[in-house]
Amino acid sequence: MNHQGGWELIKNTWQSWLQHRGFFFLLAFGWMLPLIVYLMIWSAAASGGPLAGLSQDRLAGYYLVLVLANQLTYSTTNWTVGDNIRMGNISRWLIQPMSPLYHALSSEIAGKVVFMLFSIPVTGVLALIFQPQVNLSWTQVLLFIPSLLIAWALRFFWGYWLALLAFWATRADSLLALQDTFIFLLGGHLAPIRLLPDWMQTLARVLPFRYMSAFPVEILVGLLNNQEIISGLLIQVGWTIAALVLYRLVWTRGVRHYEAVGG
């Protein structure tokens, strides 16, 4: 892998995204809005007393951290993979002296920087309004950071292998929409996991979608005990390894199957 060429591509993509930051700010706000709505709904529901041990200020802390975590883990790149395969753009990537994965990573990194330029100030204003309670410890912070990175890797590579099914299917991005639906239901967006029905909590703890979004947040805001954190990290790493294996398998077979005419 040509890491130097990949790094130059990342820098150039970041500069390009900054030139169109107004559009991406609107995109980031669109992702924030549903979580803000659910924050207000659950805060209103908790006005009469805590829900499953979550008071209004703890719910505010959960959702405001989730707003930022979702911006950092969400992958816009995966939605363009299928189009690049169908339109043949991937042909020129395959002949470049670096891995095509760098094209996805360049957009990922550039996007995260641009989104945070908007999301952090907005979340700060929301924190002044909702007055969240987050009792941080160094242990929580130190565990949150690697868990967040793994959550991004899991969400990115899981979505990437789904998008690569465009080598065989015309509209593979419908699977990405399905993935987002499961993240909404089981990834802590609709409600914190402990507020879901028991059968949904069981699914959330087993399937990968919680570990793409809510799990790092639960660590940081103190919703998990030590045993739950350790077991959750093991499951998160396990699903990430599975996503990487699926990505390599689908990519290798997809490139062999790929055909393009013209340019």
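View A. The model shown here and in the views below is predicted. The partner of Glu218 is Arg210, and the two residues form a salt bridge whose closest N and O atoms are 2.6 Å apart. Arg210 is likewise buried, with a relative accessible area of 6%. A search of the whole structure finds 1 salt bridge.

**View B. The surroundings of Ser213.** Ser213 is placed in the loop between helix H9 (198–206) and helix H10 (214–220). A polar contact of 2.7 Å joins the side chain of Ser213 to the side chain of His189. When residues up to four places away in sequence are not counted, Ser213 touches Leu66, Ala69, Asn70, Arg155, Ile183, Gly187 and His189.

**View C. Helix H11 and its cover.** Helix H11 consists of 32 residues, 226–257. From its first C-alpha to its last, H11 reaches 46 Å, close to the 46 Å expected at 1.5 Å a residue. At the N-terminal end, Asn225 caps the helix, with a side-chain oxygen 3.2 Å from the backbone nitrogen of Gln227. The buried residues of H11 are Ile229, Gly232, Leu233, Gln236, Thr240, Ala243, Tyr247, Val250, Trp251 and Gly254. An α-helix has 3.6 residues a turn, so residues three or four places apart point the same way. The cover over the buried residues of H11 includes helix H5 (90–94), H6, H7 and H10.

**View D. A nonpolar surface patch that includes Phe29.** Phe29, Leu33, Val37, Met40 and Ile41 form a nonpolar patch on the surface. Together, these residues have about 410 Å² of accessible area. Phe29 belongs to helix H2. The relative accessibility of Phe29 is 36%, and the residue therefore counts as partly exposed.

View E. Ala52 lies in the loop that joins helix H2 (21–45) to helix H3 (56–73). Its phi is near 50°, a positive value in a residue other than glycine. With 46% relative accessibility, Ala52 counts as partly exposed. Gln131 is found in the loop between helix H6 (101–130) and helix H7 (138–163). For Gln131, too, phi is near 50°, again positive in a residue other than glycine. Gln131 counts as exposed, because its relative accessibility is 52% and the term applies over 50%.

**View F. The protein chain as the setting of the close-ups.** Of its 263 residues, 47% count as buried. Among contacts between residues at least 6 apart in sequence, 81% join residues at least 24 apart. The chain exposes about 13,000 Å², of which carbon and sulfur atoms supply 67%.

Technical notes: Residues are numbered from 1 along each chain as its sequence is written. This is a predicted model: local features need pLDDT of at least 70, side-chain atom pairs count only at pLDDT 80 or more; totals for chains, interfaces and linings use all residues. Side-chain values use heavy atoms; hydrogens and water are left out. Helices (H or I, at least four residues) and strands (E, at least two) are DSSP runs, numbered from the N terminus. Buried means under 20% relative accessible area, exposed over 50%, partly exposed in between (1.4 Å probe, protein chains only). A polar contact is a pair of N or O atoms within 3.5 Å; within protein, one must be able to donate a hydrogen and the other to accept it, and residues adjacent in sequence count only if both atoms are side-chain atoms. Contact means heavy atoms within 4.5 Å. Accessible areas come from the Shrake-Rupley method with a 1.4 Å probe; for residues, only the protein chains shown count as cover. A salt bridge is a side-chain nitrogen of Lys or Arg within 4 Å of a carboxyl oxygen of Asp or Glu. The expected span of a helix is 1.5 Å times one less than its number of residues. Patches are made of residues with over 30% relative accessible area and no salt bridge: like charges are joined within 9 Å, nonpolar side chains (Val, Leu, Ile, Met, Phe, Trp, Tyr) within 5 Å.
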